[in-house]
Amino acid sequence: MKKQTKSARHTSKETNPAQEAPLTSTEPEIPHSFLIVGIGASAGGLEALELFLTNVPENSGMAFVIVQHLDPTHKGMMVELLQRATTMKVIQVKDRTRVQPDCVYMIPPNKDMSILHGVLHLLDPTAPRGLRLPIDFFFRSLADDQQEHSIGVILSGMGSDGTLGLHAIKEKAGIVFVQSPASAKFDGMPRSAIDAGLADVVAAVEELPGKISDYRRHAPLIVKSGLERGDKAQSALEKVVILLRAQTGQDFSLYKRSTVYRRIERRMGIHQIDKIANYVRLLRENPQELELLFKELLIGVTSFFRDPAAWEQLKTNILPALLAERAPQKTLRAWVPACSTGEEAYSLAIVFREILELQGSRQTAENVNLQIFATDLDREAVEKAREGIFPANIAADVSPERLTRFFVQTERGYQIAKPIREMVIFAPQNIIMDPPFTKLDILSCRNLLIYLTPELQKKLLPLFHYSLTPGGILFLGNAETIGGFADLFASLDDKVRLYRRLESTMQTEPVEFPSSFVAARPGAQPALSEPAANLQSLADQLLLQTYAPAAVLTTSKGDILYISGRTGKFLEPAAGKANWNIFAMAREGLSYELSSAFQKAVREKSVVMLKNVSVGTNGGTKVVDVTLQPINEPAALRGMVMIVFTEVTTPAETRIAGKARRVPAHNSQEAELEQALEQARQEVRTIREDMQTSQEELKSTNEELQSTNEELQSTNEELTTSKEEMQSMNEELQTVNNELQIKLDDLSRLNNDMKNLLDSSDIATLFLDSVLRVRLFTTGTNRIFKLIPGDVGRPITDIASELLYPELAENAREVLRTLVFHEQQVAARDGRWFMVRILPYRTLENMIDGVVITFTDITVSKNLETELRKVQADLEKHIEDLDGQLEQADARLESGTRQEQSKQDAE
């Protein structure tokens, strides 16, 4: 329903308004076995999806279908990652997958997905990468398939994908759950849905499954009870209407009962109320709920250039013809009732501006102007329309050329350019209760009538006729028609709902104005004022009555619109209920031939003449020539037929008439019988021709309908909305990053382990590539080489070193050549010593890609070795000294011994 109940699609029960009942009829509900929950997510969606699925109760009885922005070139891991978070079976969708309860279904990469009768279908994307909105595509399909049982969930993501799809779900009386922006990693998608007024429940992601389960437990009560159709329910419903009127001043009693019921059922489901009487009590105790229900009845589902074929016809044929008919330097007036947030009003302004530019006349653009009055019941919608700012995903409905010419890009999306905004005047208005705009050239009321009762439709269409100037254009929605008002409007195209106002003299009932729609005023008659007569008009009237032939102006169906002169000799009112059709009023002898000639004239769009037709009058016969002329110009009379009666009086006819009086009675009867037989034969031939023509037309119409059906199916499959390419690419990268996050965490832990291992070993390590350029170095290496982070990529020979090791580069090349490690103790200039070990760098693929050089500080051990060597030298010197002393002692001892021996010998 548009604001003032407007719809974007009409494939539900709301499609045929003529069969809808007002608030006093009954309508059965369709039971549903289990709920299908559509979930849309993008950047940051993996974490949100894991939290969501973790909190889904076991055996919930619901199915969850996930649509996420995925990199079309990347094989996703979402199924494996999400399976860790839930006990439900997670399935990647294949074409024609039937949805089952307690299962999770994941869209595959590079596919669009739709649903038909609970079966998921995969489609190849038609939009280029970066311009796809798969969430909108699926949500629209879900709304069409599940109707009021559809459930949409929006989680973390950038952009506004999903918002248009949520419009469709709300239109079908479905329910929308949105992750609170504060808890979302990226709040673009949730905030877009909330700002559009589409969210029924906003909560943290971990709370959403519980709220959906609460709604599911209550939903079967509504379906089974059907709001307890009966006198009590009817009384409660009327009380709801009374409370709404008291709170908002708006009367919904003339809205279709099914429309109001579905909106009430939705609110009852959210509050878990199973009886409408209890809901009435809630409304009385909670005025805020009345406002929410009022908003529920005013969901604005509209878009730019909806039904492109209709807008193309308007741009190509209708508006240029209207401009050609109107006087120069005249401001055309247009009215767009139930305009919602202004998309259709701005679309009309853009098309008008394009027509002026196509005509290529600067003078035309300056002299001709279009003033559009756009009205709606919802004041908030009117304020948004005045602002003229729309989300970025309108690029799905607006061509890039129009976006460039008629929009200005802002942080919030696109804003209508000032020249276009100045063409439209927005104002709050209730079309059911407030006076209409008049002297209009264009009236665009699209997809409002389908939500109103047939009785109200029959009052509004004559009101539209009154509001339009002669030849004015009426633009209706694809699911709407003019019904039985063919005498007021002529169709301009059978494929689109464009009509031209006709001048009608058949209107026997006065036009009812909105003030009388709700409370009728019996006996009220319109006040008609007659223009003052002048000499010219009186003379023209005398000439027409005295000298001009009798003539009538009819519609293409033969309904008389205007009578000129005295036609009583040829036409007479038929007995019974008043009937202004010329075939019913034609006198004896004229009706058959007139019918055949009329159909031929309409079919061939050429003048048809009947000569010497005998017409039975009161007690006699008249001979008349009849001319039937289809009218193309002026445009105000296009599609009508002018029928001129010229009475023929000749001497020959007089003599024939005299002879006829002397013809015997039986010969006269034979002649009449022969004439009747010939006339019957002519009628049979005419009927056969008409049947053949009708069959050909039906065949052609059937082919056109089949072609139209195929086009509609193709259009439905190809419908996607677009977004900026870089944003989409970022979202795809975010998804890939989320999928790889677990692996990155594992790698991060391994890197941490390696770093701590190397730090704890206190071994400086230097990684060089195959040409000995620095690839990586660990902590401590910069105490040996003058390395800074910016030295990565520089040759090691260019780096100053503390080592007294000029052969380092040569030894490294030798290791690369022989693949045999090299080990050597090297001294530093500051007295430190290092054990330098050079090894080949071997990848997991067993490829040699450089060298790894480790520097183990052996200064302590080297110092100990020096000290030990010194001690050893000292000990060896002491030993030598001791050996000398011992030798001297031995010598002295030996000398003393010899002396003692000599003494002994001497004694």
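Which residue forms a salt bridge with Arg500? That's where I'd start, and the notes below go on from there.

1. Ground rules. This is a predicted model, where local features need pLDDT of at least 70, side-chain atom pairs count only at pLDDT 80 or more, and totals for chains, interfaces and linings use all residues. Residues are numbered from 1 along each chain as its sequence is written, and side-chain values use heavy atoms, with hydrogens and water left out.

2. The Arg500 pair. The partner is Glu325, with the closest N and O atoms 3.6 Å apart. Helices (H or I, at least four residues) and strands (E, at least two) are DSSP runs, numbered from the N terminus. Arg500 is buried at 2% relative accessibility, whereas Glu325 is partly exposed at 31%. For those words, buried means under 20% relative accessible area, exposed over 50%, and partly exposed in between (1.4 Å probe, protein chains only).

3. Salt bridges overall. Side chains of opposite charge can pair when their charged atoms come close. Here the rule is a side-chain nitrogen of Lys or Arg within 4 Å of a carboxyl oxygen of Asp or Glu, and the count comes to 28 salt bridges.

4. A pair within one helix. Arg813 and Glu810 meet in a salt bridge at 4.0 Å, N to O. They are three residues apart in helix α24, so about one helical turn separates them. Arg813 is partly exposed, at 42% relative accessible area, and Glu810 is partly exposed too, at 48%.

5. Arg832 forms a salt bridge with Asp830, and their closest N and O atoms are 2.7 Å apart. Arg832 is buried at 19%, while Asp830 is partly exposed at 46%.

6. A negative patch. Glu876, Glu880, Asp881, Asp883, Glu887 and Asp890 form a negative surface patch. Patches are made of residues with over 30% relative accessible area and no salt bridge, with like charges joined within 9 Å and nonpolar side chains (Val, Leu, Ile, Met, Phe, Trp, Tyr) within 5 Å. One of the members, Asp881, is found in helix α25 (residues 859–906) and is partly exposed, at 38%.

7. Positive phi. Most residues other than glycine have a negative phi, but two to look at here are Ser340 and Leu819. Ser340 has a phi near 55° and lies in the loop between β11 (331–336) and α12 (343–359). Leu819 has a phi of about 60° and lies in the loop between α24 (808–818) and β28 (822–827). Ser340 is buried at 0% relative accessible area, whereas Leu819 is partly exposed at 40%.

8. Cysteines. Is Cys339 buried or exposed? Cys339 is buried at 0% relative accessibility, and Cys445 is buried at 0% as well. With a disulfide taken as a pair of cysteine sulfur atoms within 2.5 Å, the count is zero disulfides.

9. Asp195. This residue lies in helix α5 (residues 188–195) and counts as exposed, at 51% relative accessibility. The C-alpha atoms of Asp195 and Thr163 are separated by 9.7 Å, with the two residues 32 apart along the chain.

How values were computed. Accessible areas come from the Shrake-Rupley method with a 1.4 Å probe; for residues, only the protein chains shown count as cover. Lys and Arg count as positive and Asp and Glu as negative; His and the chain ends are not counted. The place of a charge is taken as NZ of Lys, CZ of Arg, CG of Asp or CD of Glu.
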